[in-house]
Structure formats: C-alpha cells, structure tokens
Amino acid sequence: TEAATTAHALPVDAPEVAPERDLMSKFDALIAEREALIASGVRNPFAIVMDEVKGPTQAVIRGKDTILLGTYNYMGMTFDPDVIQAGKDALDAFGSGTNGSRMLNGTFHDHIDVEQALREFYDMTGAIVFSTGYMANLGIISTLAGKGEYVILDADSHASIYDGCKQGNAEIVRFRHNDVTDLDKRLGRLPKEAGKLVVLEGVYSMLGDIAPLKEMVAVAKKHGCMVLVDEAHSMGFFGPNGRGVYEEMGLTDEVDFVVGTFSKSVGTVGGFVVSNHPKFEMVRFACRSYIFTASLPPSVVATAATSIRKLMTAHDKRAQLWKNARRLHGGLKAMGFKLGTETSDSAIIAVILTDQEQAIAIWQSLLEGGLYVNMARPPATPAGTFLLRCSLCAEHTDEQITTILAMFEAAGRSVGVIG
Ligand code: PMP
C-alpha cells in the first residue's frame, strides 16, 4: 500500500525528539506523582472499571458487588424498563447512528421529539439539544456573548463554562463563589451599554452547595444582564416540576437560558439549552459545537425523551432521593465528618479532607468493603481540599443507606478522621 511504501522511505534511525522539544515532557511530573501513588499500594481512583452494572445503585468492580454512591444517576432512570424499551425500538427502527450533523442529515424523528419533551418539561418555547452538556455550555456561552460583550461567571464554575468563555470573544469577569455583593460590585464597574451574560449554576457539583439565585438574579437584572443557569445537578428534583433550583426559587420568568444534561437525572448522554427568547432558534445557525459535530444516536435521544417525560411525574422518586440525602447528610455529620454544606441542600454530599493520604485511605477502604464514592482532588476542588463525593440516587434503599453509614463510620475511625 501507499502508506507502507511511505513508512519504508522514512530513515530507520531517525533521531529521537530532544527532551527539551518533546511535547510529552510536560507530563513528567504527573507521571512521577502517579507512579509514587501506585507504588504506595493504593488502587488508582481514576482507573475504576465497572465490569457489570446490576442497576442504578449496584455494580461489580473487580469481582466485588459494590454499592454505587458516586454516579450522577440521581433519579435512577438508567434501568427504567420504558426507557430501555424506547432505546431498543429506536435502534431497531433508525439504526445505530446518524452519521452527520443536526444541521444536515443528523436530525431524525427522535431528535425533534426529545426537544419537544424538553419544551413540555420546562414549559418553554425553545429547546436545542447538543451531543453533551459540555458542548451545550461551550456552544451557548461562546455564541451568546461576542466581541465587546461580557460573560460574568462564578469562580467555582464547571470546566465547560470556563471553556465556553475561552471559546468565545467576550470579555470574562469572575466573581467570588456565591458572593452576591462581589457580583454586584463587579457588574457596577462594567460599561452600562455593553451586552452582558451572567452565568450561574443551580447546584455546584464539588461541594453540593446551591446558589443564592434569587439575590444573584436580582442583581444581574438590576445591571441589565441576561442570565443563564446551568441546572445539571438539579433536574428532576428541585422545584414543583423538577425544573431546577431556579424554579424552586420562583425565578421562571427571570432566567433567560437554562442549560442541562442528559448524563445525570435523565440517565443517558446529551446536553441542551432551553429558553423562551423569541429568537432562540437562531442559535442553531451560529453555534459551532452544535453544527460541527455528529448528532446523538437515535437510541440515545429516544431514551432521553422517555426519561424526561417520566421525570415530570416522578414524585415518589423525588421524595425517596431527598429522604436518602437527608439521612446520609445527617448521619455523616453526626459522626463528625466535615461536609461541604451545613444542611442537606442537594443530592451531592461532599466529605472534606485536607490530607491526600487520609482521603485515599478512606476511599480505598470503602471500595474494598464494596462502596464506590467519587474522589476529587485539586485543581477540580476548591482550595487544596480532597473530597469524597457522595451522590445519592432515588433507588438507594433504606438498607443501603444504613450499610453506607456503617462503612463510613468504620473507615473514618480506622483512618483517624473521626473519633
Ligand atoms: N455542567 C455541569 C455543572 C456539570 O457538572 C457537568 C458534568 N459534570 C456538565 C455541565 C457537563 O455535562 P455532560 O456530562 O453532559 O457533558
């Protein structure tokens, strides 16, 4: 073949890239850190493989039955029989993929249907689906705010929000996490006539704390800004209709754009933006992460549509999720663990540790006992903290919560984090 001929033509003893010019040298420190960690005998927290998944709260990891307490499967929709059936039907009827962009050949019946399901769920006129939530933020932020305009974001914003800022041409202004006064002060310094987008999150995923959206949105509106809220971690269980923290706080008429994902409560993959803005549809013609990528497979959007419609009436699941969150938060707090929030504010409960070795020791002891939680470390976490992040599922049983609490108590005591 031509490739083989070309390969033969290359000098056999081509000089190696000089170390100072080897683009991979920048990873040397990370390689050394990882090697030291693995040499210390601990399991690599970032190399977990689910060999078998038995349901939303249970998997087999290295041959061990393990309770899952570190997924974003808040509403436990991944094994819902109707959701699975919808995916199978779409796979049979439409095949495995779309082979193209939404703009060209990649819009199938179920892409239109899932956008309709989102309009119903949010009671909004506009819905645009992206291939992931990451791409929704990347695209919408860079498309909405252009040259000479401003994006104002919380310092603890998700990476996809930061990357949306980088992708665009707007000026970027950060304010201190959840600090209404700082937001007000910074907005006050910006030119009055310039277009401004304030980007907030309903629930911040590292600590599980919620934004004081009422005050934040009031300040944003006072300064003439438009507001976008990322409700990735609240869909399905905040607000009377499960629309998010913004709905719970009575802000349905104040928020201009809501970003969400299918990868958490909806139980599949995908991202979206919804809005009542009359010109919202135009985003499809300008948004690079919408146009220059393949659309989601029909089976994925069909499962999402079914899941979203079921979430509209999933009142029992919501109640169980909140009950689980309150019980785990109360139990861990009573044992003396330092947590990300004083009260049980969301379905994420972060156990805060300042010592990496202690964090890894507890994490590993939990895993060996059959409990998986997320381990988060800098730079993803606030100021030098190591977090054991627990995220609850509506399908966790009372018995599982009892087991989880007992395991945390034993691990925390053996490592000396609690007395
Ligand atoms: N926004 C927030 C706040 C998130 O936490 C995440 C994912 N963790 C995303 C957006 C991206 O969602 P997706 O997984 O669909 O890319």
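The largest nonpolar core of this predicted model has 117 residues. Such a core is a set of buried Ala, Val, Leu, Ile, Met, Phe, Trp, Tyr and Cys residues joined through C-beta atoms within 7 Å. A residue is buried if 20 or more other C-beta atoms lie within 10 Å of its own, exposed if 12 or fewer, and partly exposed in between, with C-beta atoms placed from the backbone. L213 and L388 have the most contacts inside the core. Domain 1 (40–75 + 315–415) and domain 2 (80–311) both give residues to this core, so it lies between them. The domain bounds come from an automatic or database domain assignment.

Take L388 next. Leaving aside neighbours within four places in sequence, L388 is in contact with V351, L353, A359, I362, W363, V373 and M375. Contact here means that the C-beta atoms, placed from the backbone, lie within 7 Å.

Now the two domains. Their centres, taken over C-alpha atoms, are 27 Å apart. Across the boundary, 20 residues of domain 1 are in contact with 17 residues of domain 2. On the domain 1 side, α12 (315–335) and β13 (348–353) are the elements that give two or more residues. Helices (H or I, at least four residues) and strands (E, at least two) are DSSP runs, numbered from the N terminus. That side divides into 13 nonpolar, 5 polar and 2 charged residues. Ala, Val, Leu, Ile, Met, Phe, Trp, Tyr, Cys and Pro count as nonpolar, Asp, Glu, Lys and Arg as charged, and the others, Gly among them, as polar.

One more residue is worth a stop. K214 lies in helix α8 (residues 213–222). K214 counts as partly exposed because it has 16 C-beta neighbours inside 10 Å. Not counting residues up to four places away in sequence, K214 touches M249 and L251.

Last, the confidence. The protein chain averages a pLDDT (the predictor's confidence in each residue, from 0 to 100) of 94. The complex has an ipTM of 0.99 and a pTM of 0.94. Residues are numbered from 1 along each chain as its sequence is written. In this predicted model, local features need pLDDT of at least 70 and side-chain atom pairs count only at pLDDT 80 or more, while totals for chains, interfaces and linings use all residues.

Key. Two residues are in contact if their C-beta atoms, placed from the backbone, lie within 7 Å.
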